[in-house]
Amino acid sequence: MDNHNVESDIYRDKCGESMTWRIEQQEGDKNVLIIEGDGDMYDYSDVNYPPWKDLMFSCIVLSPEIVSIGEYAFSGSNITSVEIDVKKIGEGAFSKCPQLVSVILKGTEYIGCNAFENDTGLKYIRFSDDLKIVPQNCCKNCRGLILADIPNGVIHIQRGAFIDCDSLRDIELPYSAEFIEDGAFDLHTQIEYGECDFESMTDLGEDFGDILDELLS
C-alpha cells in the first residue's frame with residue numbers, strides 16, 4: 001500500500017523542458033506551489049491546461065534560474081500574492097485570480113497582454129525597473145486596484161492597461177514615459193505627471209493630448 005502523504009507533498013511533473021513542480025503543505029495548512037529547474041515554463045491555454053489547474057495553493061516559489069512564466073500558467077488560480085524575479089511573463093499568466101492582492105515584479109523585461117486582467121481583488125502592483133512597456137489590458141478590470149507603481153524606465157503604456165480600475169484614483173507617470181495610448185486609463189483616474197519629460201512625450205492618445213498642450217503652453 002502506498003502511504004505517500006499527498007497532503008504534504010503532492011504531484012510531481014514537468015512544466016518546462018528543465019522544470020518540475022510540486023505542491024507542499026506548510027504550517028497553517030497553507031499549500032505552496034514549488035517550481036524548480038531553469039529556463040522557460042511551458043505555455044498553456046483554455047484547451048491545454050496547466051497541470052496544477054484544479055489544485056489549491058496560495059503562493060508560488062520559483063528557482064532563481066527560471067526565466068519565464070508561461071501563458072495562462074496561473075490563470076484562475078487561488079494565489080494570493082506574487083513576488084517573482086523572471087525576465088518574461090506570458091499572456092494572461094495571472095489573469096482571473098480573484099484572491100490575488102499584491103504583485104511585486106523584479107527583473108521582468110516583458111509582460112504579455114492581459115497578464116493580470118480580471119484580478120478583481122488586486123490592490124497593489126509594482127512593475128520591474130527593467131520593464132519598458134506596460135502591455136494592452138495588463139490590469140484591465142482590476143476593480144480593487146489602489147496603487148500601481150510604474151518605475152522610471154517604462155516608455156510605453158498601451159491601450160486598456162488600467163481600464164475599468166474603479167479604485168485607481170491617481171497614478172504617477174515616470175520621467176521616462178513617451179507613449180500613452182488612448183484608453184490606457186479610466187477617465188476618472190487622476191494622472192500625476194511628477195517629473196515627466198513632457199517634451200519627450202511624442203505619441204499621446206487623444207485622452208492626454210489636450211492635457212499636455214495645456215502643460216506646455
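## A pair in the sheet

Ser68 stands opposite Lys88 in strand E8. Strands here (E, at least two residues) are DSSP runs, as are helices (H or I, at least four), and they are numbered from the N terminus. Ser68 itself is found in strand E6.

This is a predicted model: local features need pLDDT of at least 70, side-chain atom pairs count only at pLDDT 80 or more, and totals for chains, interfaces and linings use all residues. Residues are numbered from 1 along each chain as its sequence is written, and side-chain values use heavy atoms, with hydrogens and water left out.

## The four strands

Strands E4, E6, E8 and E10 form an open sheet of 4 strands, in that order, with parallel pairing. E4 and E10 (110–111) stand at the edges with a single partner strand each, so one side of each has no neighbour in the sheet. Two strands pair if DSSP finds at least two bridges between them. In general, strands of a sheet pair through backbone hydrogen bonds, either parallel or antiparallel.

Go along the order. E4 (residues 39–40) and E6 (residues 66–69) are parallel, over 2 bridges. Here Gly39 stands opposite Ile66. E6 then pairs with E8 (residues 88–89), again in the parallel sense and over 2 bridges. Finally, 2 bridges join E8 to E10 in parallel. In that pair, Ile89 stands opposite Ile111.

## Around Ser68

Is Ser68 buried or exposed? Ser68 counts as buried because its relative accessibility is 5%. The cut-offs are under 20% relative accessible area for buried and over 50% for exposed, with partly exposed in between (1.4 Å probe, protein chains only).

The side chain of Ser68 makes a polar contact of 3.0 Å with the side chain of Asp40. A polar contact is a pair of N or O atoms within 3.5 Å; within protein, one must be able to donate a hydrogen and the other to accept it, and residues adjacent in sequence count only if both atoms are side-chain atoms. A polar atom of the Ser68 side chain also lies 3.4 Å from the backbone nitrogen of Met41. Beyond four places in sequence, Ser68 is in contact (heavy atoms within 4.5 Å) with Gly39, Asp40, Met41, Val86 and Lys88.

## Around Lys123

Where is Lys123? Lys123 sits in the loop between E10 and strand E11 (124–126). Lys123 is partly exposed, at a relative accessible area of 43%.

Lys123 and Gly144 are 21 residues apart in sequence, yet 5.4 Å apart in space, C-alpha to C-alpha. Not counting residues up to four places away in sequence, Lys123 touches Val101, Gly144, Leu145, Ile146 and Leu147.
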